[in-house]
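Subject: Structure for you to look at

Dear colleague,

My notes on the helix packing follow below it.

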Amino acid sequence: MLGVGLHLSALGRLTDALPPAEQAVILYREPAERYPDRYRLHLARSLSNLGITFSEPGRAAEASQAHQEANRLMPPGAASDPED
């Protein structure tokens, strides 16, 4: 689910991109709370993807909120390491 929303967005299917991006956040939120060392980065990246998806159709406030939460969760240097 993590990248499905971004792939759909890249194809110009913005309406279709939002549900998978939202679902990825929902799926990672509980594991990230229970096992932060293992899943916090995945949640942060899902939130970042959601923010990107929200910014496409002009939902700036929701995009900003998702990006802010992602930034709080993202450990330093993690954004530059796509292999995690």
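How do helix 2 and helix 3 run relative to each other, roughly parallel or roughly antiparallel? Please bear in mind throughout that this is a predicted model. Helix 2, which covers residues 14-34, packs on helix 3, residues 36-55, at an angle of about 155°, and their axes lie 8 Å apart. Since angles over 145 degrees count as roughly antiparallel, the two helices are therefore roughly antiparallel to each other. Helix 2 passes helix 3 in a left-handed crossing. On the helix 2 side the contact includes Ala17, Leu18, Ala21, Val25, Tyr28 and Pro31, and on the helix 3 side its residues include Pro36, Tyr39, His42, Leu43, Leu47, Leu50 and Phe54. Sorted by class, the residues of this contact comprise 14 nonpolar, three polar and five charged.

Pro31 is partly exposed, with a relative accessible area of 22%, and, leaving aside residues up to four places away in sequence, it touches Pro36 and Tyr39. The C-alpha atoms of Pro31 and His42 are separated by 9.6 Å, the two residues being eleven apart along the chain.

Helix 3 itself has 20 residues and reaches 27 Å from its first C-alpha to its last, which is close to the 28 Å expected at 1.5 Å a residue. Its buried residues are Leu41, Leu43, Ala44, Arg45, Ser46, Leu47, Asn49, Leu50, Gly51, Thr53 and Phe54, and these pack against helix 1 (4-10), helix 2 and helix 4 (60-73).

By class, the contact of helix 3 with helix 4 has ten nonpolar, four polar and three charged residues.

Definitions and conventions
Residues numbered from 1 in each chain as written. Predicted model: local features only at pLDDT ≥ 70, side-chain atom pairs only at ≥ 80, totals over all residues. Heavy atoms only, no water. Axes fitted to C-alpha atoms, helices over the stretch in contact; angles between N-to-C directions. Helix = DSSP H or I, 4+ residues; strand = E, 2+ residues; numbered from the N terminus. Parallel < 35°, antiparallel > 145°, perpendicular 65-115°, else oblique. Left-handed = near helix turned anticlockwise from the far one by under 90°. Contact = heavy atoms within 4.5 Å. Nonpolar A, V, L, I, M, F, W, Y, C, P; charged D, E, K, R; others polar. Expected span 1.5 Å × (residues − 1). Buried < 20%, exposed > 50% of the residue type's maximum accessible area, 1.4 Å probe, protein only.
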